Amino acid sequence: MSIFVLFVVWIGYVFSIIYDSTWILFVAICIAVIQSTTSYYYSDKIALLTTGAKPTKRGDYLELYRIVENLGIAAGLPQPKIFVIQDLSPNAFAAGRDPKNAVIVVTSGLLEKLDKTELEGVISHELSHIGNYDIRLMTVIVILVGLIALLADWGLRIGFWDSRDNDNRDGGTWMLLIALVLWVIAPISATLIQLAVSRRREYLADATGALITRYPEGLASALDKISKNKSNLKQTNRATAHLFIADPYKGDKKAPPVGGESWFTTVFSTHPPISERIKRLRGMIS
């Protein structure tokens, strides 16, 4: 969060220098503080709203509640709230700022396609995100990444109109070019931070989840089924994609070529290759 706040303030500072206007920096600081506070306290609610997740009743999903309760006890975590997305694509995610304010979200497709041990593997993975405080980091990033992209776009628009109003002023064109470069670099940098954080935390949650259930094959089998499903999750967006246990857009991921996936594919992916995750989980068995 500190990095993102400093990054936003830096963008505001650069544009304030370019356009010789201190109010731009002041606005950037205000937006950074307000947005960070909002993302910390309300990012889980925003994530639930954007994915269409609905609260559940224990009587409607009794087995799911029992699995969450039992694994929560094993992990030493309080009972999270449970939400369901009515979608045939099997997937799940956790959100919230801490274990006491956590939610677990699963799709109806996940409940239909996985058996009990596989579902336990997925739930243990999401509980690991809660216990490791990944939910705080990853849900806050949802808001902050969008903020940086918005500020960069705002700066470009200011630069465009400022250059048109000052065509005769020396350096007007250069200012627009600098604004354009920032417009391109800022959201890319923010997104790369988002993706790198997400991939590292997925590997950790897989390992921690396997320790909770003492059965790595359950999660490995679940990931295999999820990867073979061709349908994409309908109600989601790129800002929330990194929250899910598997990429909600790509469905099946073929095994990487000999030597691993290409640098480009790895850098711009929200999740590590499922084939590699399965390999690591099954390596824990041996």
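Let's start where helix H5 (residues 116-131) meets helix H8 (residues 216-228) in this predicted model: their axes come within 7 Å and cross at roughly 95°. Axes here are lines fitted to C-alpha atoms, for helices over the stretch in contact, with angles from 0 to 180 degrees between N-to-C directions. H5 and H8 are therefore roughly perpendicular to each other (65 to 115 degrees). Contact (heavy atoms within 4.5 Å) involves Thr117, Glu118, Gly121, Val122 and His125 of H5, and Gly218, Leu219, Ser221, Ala222, Lys225 and Ile226 of H8. Helices (H or I, at least four residues) and strands (E, at least two) are DSSP runs, numbered from the N terminus.

Now turn to the sheet. Four strands form an open sheet in the order S1-S2-S4-S3, with mixed pairing; strands pair if DSSP finds at least two bridges between them. Strands S1 (54-55) and S3 (92-96) are at the edges with a single partner strand each, so one side of each has no neighbour in the sheet. S2 (residues 81-85) and S4 (residues 102-107) pair in the parallel sense over five bridges, and Val84 stands opposite Val106 in S4.

S3 and S4 run antiparallel, joined by five bridges, and a hairpin of five residues connects S3 to S4. Ala92, Ala94 and Gly96 point one way from S3, Phe93 and Ala95 the other way, and all are buried (under 20% relative accessible area, 1.4 Å probe, protein chains only). Helix H2 (residues 22-51) lies across S2, S3 and S4, running at about 145° to S3.

A note on reading the model: residues are numbered from 1 along each chain as its sequence is written, and side-chain values use heavy atoms, leaving out hydrogens and water. Local features need pLDDT of at least 70 and side-chain atom pairs count only at pLDDT 80 or more, while totals for chains, interfaces and linings use all residues.

Definitions and conventions
Angles under 35 degrees count as roughly parallel, over 145 as roughly antiparallel, 65 to 115 as roughly perpendicular and the rest as oblique. Buried means under 20% relative accessible area, exposed over 50%, partly exposed in between (1.4 Å probe, protein chains only).
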